[in-house]
Each structure stands twice: as C-alpha cells, then as structure tokens.
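Hello,

I am handing over the structure below, followed by notes on what was found in it. Please look through the notes with the model open.

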Amino acid sequence: MTDSDLARQVRAVSRLTGEFTLRSGRIANEYFDKYQFEADPELLDRLAEQMAVLIPEGTEVLAGLEMGGIAVVTALARHAKLPTAFVRKQAKQYGTARLAEGAEVAGRRVLVVEDVVTSGGQVVISTGDLRRLGAHVDHALCVIDRQEGGAQALSAEGITLRALLTRADLDAAA
C-alpha cells in the first residue's frame with residue numbers, strides 16, 4: 001500500500017465535516033475522527049507498520065497518551081518490539097496511583113505517541129509529566145499532524161514531531 005493509498009483510506013474512514021470544537025477551544029469545520037481508524041484492526045495495523053520506521057534510533061519505551069494514543073501505541077509496539085507505557089492525563093487516585101502505567105520510564109529514552117496533533121497542547125503537558133518522572137523525551141510521533149502549530153509548540157519545548165500523515169497528505173488524497 002502506498003502512502004497516498006493509506007492517506008486516502010484514513011481520510012475516507014475518519015474525515016467529518018460540520019462544526020467541531022477542538023481541544024484547544026478553536027472551532028473547526030473539519031474533524032478527523034481518529035477512533036474510526038483506531039477501531040479498524042487492519043487499518044490500524046497498517047498505520048502502525050508504517051509508523052514503526054519513524055521511531056527514532058535509541059528509543060527504549062513507547063508512551064501512548066490517554067485516550068487515543070493508547071490504541072496506536074499498542075499496535076505500534078507489536079511492530080517495534082518495544083515496551084509500552086500508558087500515560088494518563090492525571091494520575092489515578094487509587095491502586096498504584098501512577099501517571100504512567102506499564103513500562104518504567106525513569107532514566108529511559110521515551111517516544112511519546114499520539115493519534116492526532118493539532119496545537120500540541122496535550123503532548124507538551126504529558127511530556128512535562130514524563131520528564132518529571134525521569135524520562136528522557138525529545139521526540140513525539142503521531143498518525144496525523146493537522147499542521148496547525150503543534151510541531152512549532154513542541155519544538156519550543158525541545159520535542160521534534162514526526163508524523164505518518166499530515167493535513168496536506170490527507171487533502172491531497174481527496
């Protein structure tokens with residue numbers, strides 16, 4: 001499957017039009033419903049296979065962000081053969097009371113994995129949390145970069161964003 005075929009398939013299953021409030025509070029007339037490609041096991045597996053080649057050398061742990069990044073990181077780990085951490089937006093108040101579940105992140109080179117990046121806000125917040133836990137984070141990887149300032153916001157925090165697909169790729173697949 002070519003990159004353009006993959007972009008066309010993602011666009012076909014996940015692009016919605018209408019009026020949508022984004023996490024940043026901004027209103028958009030186009031929305032990529034990531035749960036549609038995450039819920040399709042064959043498509044998710046193809047995405048993960050293609051994303052695996054984008055993992056920076058030296059990565060020791062993949063860290064998926066709650067909630068959409070969890071499905072992506074789980075599929076990606078199968079191809080990358082790397083341990084995985086699941087990062088909550090807030091540490092739970094019961095049981096282990098951990099922010100990052102699964103693989104240990106302290107002292108390790110961690111790649112943050114997200115489904116869609118728009119402003120980069122959650123990646124910045126979660127990366128800060130992971131760094132406070134002792135993780136070394138300087139890259140993030142996503143399925144779709146909406147190209148709306150997320151890469152620049154991450155760069156300002158010392159994080160390089162790698163994306164399998166961009167908004168331009170999805171627009172070209174129309």
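**Backbone and annotated site**

K81 sits in the loop between α4 and β4 (84-87); helices (H or I, at least four residues) and strands (E, at least two) are DSSP runs, numbered from the N terminus. This is a predicted model, in which local features need pLDDT of at least 70 and side-chain atom pairs count only at pLDDT 80 or more, while totals for chains, interfaces and linings use all residues. Residues are numbered from 1 along each chain as its sequence is written, and side-chain values use heavy atoms, with hydrogens and water left out.

Most residues other than glycine have a negative phi, and most peptide bonds are trans. K81 has a positive phi, near 60 degrees. K81 is exposed, at 68% relative accessible area (buried is under 20%, exposed over 50%, partly exposed in between; 1.4 Å probe, protein chains only). Q147 also has a positive phi, near 55 degrees. Q147 belongs to the loop between β7 (136-145) and α6 (150-155), and is partly exposed at 45%. The peptide bond from E66 to M67 is cis, with omega near 0 degrees; M67 is placed in the loop between β3 (61-65) and α4 (68-80).

Which residues does UniProt list for "binding site"? The unreviewed entry gives T118 and R146; UniProt positions are in the numbering used here, feature names are shortened, and annotations may be inferred rather than shown by experiment.

T118 is in the loop between β6 (109-117) and α5 (121-132) and is buried, at 16%. Beyond four places in sequence, T118 touches L22, R26, R146, E148, G149 and G150 (contact means heavy atoms within 4.5 Å).

R146 is in the loop between β7 and α6 and is buried, at 4%. With neighbours within four places left aside, the contacts of R146 include L22, R26, E30, T118 and R167. A polar atom of the R146 side chain lies 3.4 Å from the backbone oxygen of E30.

Regards

How values were computed
Polar contact = N/O pair within 3.5 Å; in protein donor to acceptor, adjacent residues only side chain to side chain.
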